[in-house]
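This briefing concerns a single protein model with a ligand. Please view the sequence and the three-dimensional structure together before reading the notes.

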Amino acid sequence: MEENNHPENNDPSTGRRRFIQQSLLGVAGAAGAGMAITSTTHVAVAAETTEGEAQTGQDITDEIDVLVVGGGSAGTIAAIQAGRAGARTLVMERASYLGGMTTRGGVCFPGLFDAWGKQIIAGIGWELVKECVDLDGGTLPNFAKVPRNHWMNQVHINQFLYYLLAEEKCAQAGVRIAYHEFPQQIQKTADGWRVDCAGFGTRRRVLCKQIVDCTGGAEVVGMLDLPRLREEETQPGSIQFLLGQANNPGRPTNKGNGLLHAIYVHGADSSNSRTVTEASLTGRKAVLDKMRKTNKRLMHLQPEPGFRESFRIVGETMITVNDYTSGRKFDDAICNAFYPVDLHTKTGVRPKPLKPGTVPTIPLSALIPKGSRNIIVAGRCVSSDRLANSGLRVQAPCMAMGQAAGVAAALAAKKKTTPLEVPLAEIHQLLAKHGAIIPSKE
Ligand SMILES: Cc1cc2nc3c(=O)[nH]c(=O)nc-3n(C[C@H](O)[C@H](O)[C@H](O)COP(=O)(O)OP(=O)(O)OC[C@H]3O[C@@H](n4cnc5c(N)ncnc54)[C@H](O)[C@@H]3O)c2cc1C
């Protein structure tokens with residue numbers, strides 16, 4: 001008789017009791033036999049207050065150099081970079097882990113770090129991605145080979161390991177993380193900002209010199225009433241899931257794409273808690289319907305849909321689709337980018353590849369909200385027209401923008417100036433020191 005058919009095993013209470021008894025016996029037995037127990041059974045949380053932080057009850061005050069809001073593709077790298085550059089840095093993330101679209105959205109195939117047979121983006125984002133693949137025993141694409149389709153050189157990573165490593169790198173760089181929190185009110189001060197934030201059971205006041213807005217939709221820029229752009233109808237989001245087979249993170253399961261399955265969520269909007277709730281409910285219902293129709297088991301579901309588009313800033317420079325497709329070398333370029341023009345519509349997407357040899361660049365001035373001081377953005381909200389943005393917004397350029405914003409903010413805090421007034425040569429020098437690739441002039 002199979003053990004599962006034993007009546008006792010079908011009684012939840014006795015089954016559970018027996019499981020606990022067996023677990024205890026297992027531990028006692030192992031210990032009695034002098035065997036090592038390999039699993040970690042106890043961990044302790046770190047002290048609640050750290051240097052520079054005053055705390056009374058739920059009220060906390062932080063005096064820091066750089067506040068990074070949003071710990072996604074761009075923000076994670078911005079924070080690590082600012083910390084490594086010696087700035088007292090806090091990264092604030094409304095969710096409970098880092099990575100943004102890479103992890104919560106399940107877009108765990110960052111790209112593109114290469115173009116036309118060579119690597120064009122490296123630095124801290126690449127370090128994290130590479131370490132994630134190495135530790136997971138995965139494989140990296142061969143960048144010397146120009147792939148038949150652009151997506152073939154995206155890197156498949158284990159999304160869970162990615163945020164564990166990101167947290168480790170933050171800790172090593174002295175970056176503190178505030179999960180479940182978001183800014184509620186922002187005011188200018190003599191030398192920066194006073195940012196009042198909320199989380200459950202937490203009210204935090206951050207006094208900082210610089211803000212790096214990496215919220216995807218430039219939410220801090222919006223709170224400051226600085227101009228932003230938005231399309232009337234935004235591109236669909238996608239909810240990712242897997243039916244009928246176990247998720248094998250970091251490993252494509254089928255030839256070619258083998259990723260999680262995706263359903264378009266039209267109207268998905270990351271702008272606020274109400275629109276994110278609506279998109280999540282709609283996407284999840286569609287997965288449930290699909291499951292019922294196919295009669296397959298649901299094996300994996302991302303906690304939120306991926307959002308492609310919401311607000312973009314109006315920056316000191318606006319990157320146009322002509323700049324992008326012609327591979328314009330901006331005088332103040334801080335990183336490269338590479339991806340086809342990739343606009344998703346109601347009927348799908350038809351990527352338009354760039355001409356051979358074209359490698360677009362991103363200028364520092366496109367990260368600076370027009371007319372602002374002491375704030376810089378990074379990620380998909382970069383100042384760009386819609387079509388340029390559809391290519392620029394992929395993860396490797398977002399990471400590279402994050403690193404550049406981290407450098408610019410840290411140097412601006414140190415020099416008591418604003419990111420746009422930091423000499424470009426110093427930004428380039430520090431970026432290169434931390435492994436980033438500076439765009440070539442030709
Ligand atoms: C379905 C889909 C498929 C894609 N395919 C690819 C692909 O194949 N390859 C590729 O490289 N890229 C792909 N992309 C694009 C890419 O993933 C995103 O454009 C990129 O990750 C955006 O990075 P970001 O840092 O700007 O934003 P995000 O990664 O979204 O990070 C923003 C972070 O800010 C946090 N946040 C927002 N508001 C607040 C607030 N007020 N307070 C605190 N935290 C806040 C969010 O929780 C989030 O963690 C895809 C995107 C989608 C949606």
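The notes below cover the sheets, the helix packing, the ligand shell and the backbone geometry.

The model is predicted; local features need pLDDT of at least 70, side-chain atom pairs count only at pLDDT 80 or more, and totals for chains, interfaces and linings use all residues. Residues are numbered from 1 along each chain as its sequence is written. Helices (H or I, at least four residues) and strands (E, at least two) are DSSP runs, numbered from the N terminus. Two strands pair if DSSP finds at least two bridges between them. Axes are lines fitted to C-alpha atoms, for helices over the stretch in contact, and angles run from 0 to 180 degrees between N-to-C directions.

**The five-stranded sheet**

- An open sheet with parallel pairing is built from five strands in the order β7-β4-β3-β11-β21.
- Its edge strands, β7 (176-179) and β21 (375-377), each pair on one side only.
- From one strand to the next, the twist averages 20 degrees.
- Strand β3 (residues 66-69) runs parallel to strand β11 (residues 210-213), and four bridges join them; V69 has D213 of β11 as its bridge partner.
- Helix α10 (residues 395-415) lies across β3, β11 and β21, and runs at about 170 degrees to β11.

**The three-stranded sheet**

- Three strands form an open sheet in the order β14-β13-β15, and here the pairing is antiparallel.
- Because β14 (261-265) and β15 (298-301) stand at the edges with a single partner strand each, one side of each has no neighbour in the sheet.
- The twist of this sheet averages 30 degrees from one strand to the next.
- β13 and β14 run antiparallel and are joined by five bridges; I239 stands opposite I263 in β14.
- Helix α7 (residues 273-294) lies across β13, β14 and β15, running at about 35 degrees to β13.
- In general, the strands of a sheet pair through backbone hydrogen bonds, either parallel or antiparallel.

**Helix packing: α4 with α5**

- The axes of helix α4 (residues 123-135) and helix α5 (residues 159-172) come within 10 Å and cross at roughly 125 degrees.
- That angle makes α4 oblique to α5 (angles under 35 degrees count as roughly parallel, over 145 as roughly antiparallel, 65 to 115 as roughly perpendicular and the rest as oblique).
- The crossing of α4 past α5 is right-handed; a crossing is left-handed if the near helix is turned anticlockwise from the far one by less than a right angle, and right-handed if clockwise.
- L128, E131, C132 and L135 of α4 make the contact with L161, Y162, L165, A166 and K169 of α5; two residues are in contact if their C-beta atoms, placed from the backbone, lie within 7 Å.
- This contact of α4 with α5 comprises seven nonpolar, no polar and two charged residues (Ala, Val, Leu, Ile, Met, Phe, Trp, Tyr, Cys and Pro count as nonpolar, Asp, Glu, Lys and Arg as charged, and the others, Gly among them, as polar).

**Helix packing: contacts of α10**

- The axes of α4 and α10 come within 7 Å and cross at roughly 125 degrees; the two helices are therefore oblique to each other.
- On the α4 side the contact is made by G123, I124 and G125, and on the α10 side by A396, M399, A400 and Q403.
- The residues of the contact of α4 with α10 divide into four nonpolar, three polar and no charged.
- α3 and α10 pack at an angle of about 35 degrees with their axes 7 Å apart, and α3 passes α10 in a right-handed crossing.
- Residues of α3 that meet α10 include S73, G75 and A78, and their counterparts in α10 include C398, G402 and A409.
- The contact of α3 with α10 holds 12 nonpolar, seven polar and no charged residues.

**Ligand shell**

- Of the 36 residues around the ligand, G70, G72, G100, G306 and G379 come nearest; a residue is near a molecule or strand if its C-beta atom, placed from the backbone, lies within 6 Å of it.
- Two or more residues of the shell come from each of α3 (73-84), β4 (89-93), β13 (237-243) and α10.
- α3 provides the largest share of the shell, three residues.
- The shell residues divide into 13 nonpolar, 17 polar and six charged.

**Backbone geometry**

- G111 and L112 are joined by a cis peptide bond with omega of about -15 degrees; L112 is placed in the loop between β4 and β5 (114-115).
- W116, although not a glycine, has a positive phi of about 50 degrees, and lies in the loop between β5 and β6 (118-119).
- Most residues other than glycine have a negative phi, and most peptide bonds are trans.
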